[in-house]
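Dear colleague,

Please find below the structure that I am handing over to you. A short account of the findings follows it.

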Amino acid sequence: MRSDQSKLGFYLLLSPLLLWLVTLIILPHMGLFAVSISEKVGVREYETGFGNYAVFFNEPLYWRTFARTAIMSIMTTVLTLLLGFPIAYYIAKLMRGRAKTTLFLMCLIPFWVSELVRTFGWMILLRETGVLSNFLQFIGVIDGPVEFLYNDAAIMVGLVYTSILFMIVPLVTTLDSLDDSLIEAGYDLGGSGFSILREIVIPHAMPGIVSGCIVVFMLSLGNYLTPILLGGKDSLWFTGLIYTQFITRFNWELGSAFGFLLLALSSTIVFLGLKLSRQSLTNTMGR
């Protein structure tokens with residue numbers, strides 16, 4: 001009797017999650033896939049086929065933008081890790097008490113406002129008449145206004161800024177669980193800072209590293225606002241192509257195909273990343 005009640009309680013607790021997954025993820029994706037394999041042959045006439053996917057591979061602009069988006073998202077993930085790891089280590093292992101809480105809170109404060117507002121903030125800083133250009137003119141570094149927007153560097157800056165918190169949080173959580181005595185023992189045994197980092201700190205932090213990289217990569221890959229606003233109207237970002245197909249051209253069939261190609265890309269790179277790091281998704285997200 002108790003076993004039956006426990007099972008019933010478990011299913012009742014699980015039902016909201018299952019309902020959320022089915023209604024908001026599984027069913028919409030099934031519908032989107034059905035649309036992606038529908039080829040328009042006339043007015044309200046469709047045939048099932050993979051012609052929309054063939055359009056992607058036959059048009060160089062599409063697959064080059066696809067590859068560019070993937071490469072820049074990987075670069076963003078690597079740069080975010082390189083910047084976020086020292087910050088997370090400093091917060092987790094070198095700060096104590098209120099200072100630790102305050103520093104962690106300072107990392108959270110910029111994310112209290114929306115991504116749109118934060119991106120506009122970067123536009124104010126980097127535009128031709130913005131803060132950075134005026135400051136460089138004031139100190140005599142440049143003679144006239146310089147436009148720092150609408151290029152790949154501006155896109156990278158915006159992507160790193162909007163996603164670095166999602167790298168810092170799992171790293172702080174993982175590094176905080178590292179026993180300080182292990183680091184002290186490494187120094188006592190004659191280890192250098194680099195060897196301790198390589199042999200003790202990074203292996204222990206690997207679940208947090210992988211978790212942060214997965215989240216940052218997927219956020220960067222699917223980002224729309226930052227590349228469009230900081231890169232300009234000519235910015236080649238794959239989510240921009242998806243938006244154009246759905247909203248501007250009303251070509252839902254091709255837009256759905258592009259969406260599934262982006263999903264396949266993100267899943268493939270995450271799978272390869274887990275294999276290369278020798279981590280499992282269950283253990284990584286569990287940590």
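This is a predicted model: local features need pLDDT of at least 70, side-chain atom pairs count only at pLDDT 80 or more; totals for chains, interfaces and linings use all residues.

Residues 103-125 are 74% helix and 0% strand, with the end C-alpha atoms 24 Å apart; helices (H or I, at least four residues) and strands (E, at least two) are DSSP runs, numbered from the N terminus. Residues 70-91, in turn, are 100% helix and 0% strand, and their end C-alpha atoms lie 31 Å apart.

Residues are numbered from 1 along each chain as its sequence is written, and side-chain values use heavy atoms, leaving out hydrogens and water.

The structure holds 0 disulfides (pairs of cysteine sulfur atoms within 2.5 Å). For C107, the nearest cysteine sulfur is that of C213, 17 Å away, which is too far for a bond.

The axes of helix α2 (residues 51-58) and helix α3 (residues 60-94) come within 5 Å and cross at roughly 80°; axes are lines fitted to C-alpha atoms, for helices over the stretch in contact, and angles run from 0 to 180 degrees between N-to-C directions. The two helices are therefore roughly perpendicular (65 to 115 degrees). In their contact (heavy atoms within 4.5 Å), V55, F56, F57 and N58 of α2 meet P60, Y62, W63 and F66 of α3.

Methods: Angles under 35 degrees count as roughly parallel, over 145 as roughly antiparallel, 65 to 115 as roughly perpendicular and the rest as oblique.
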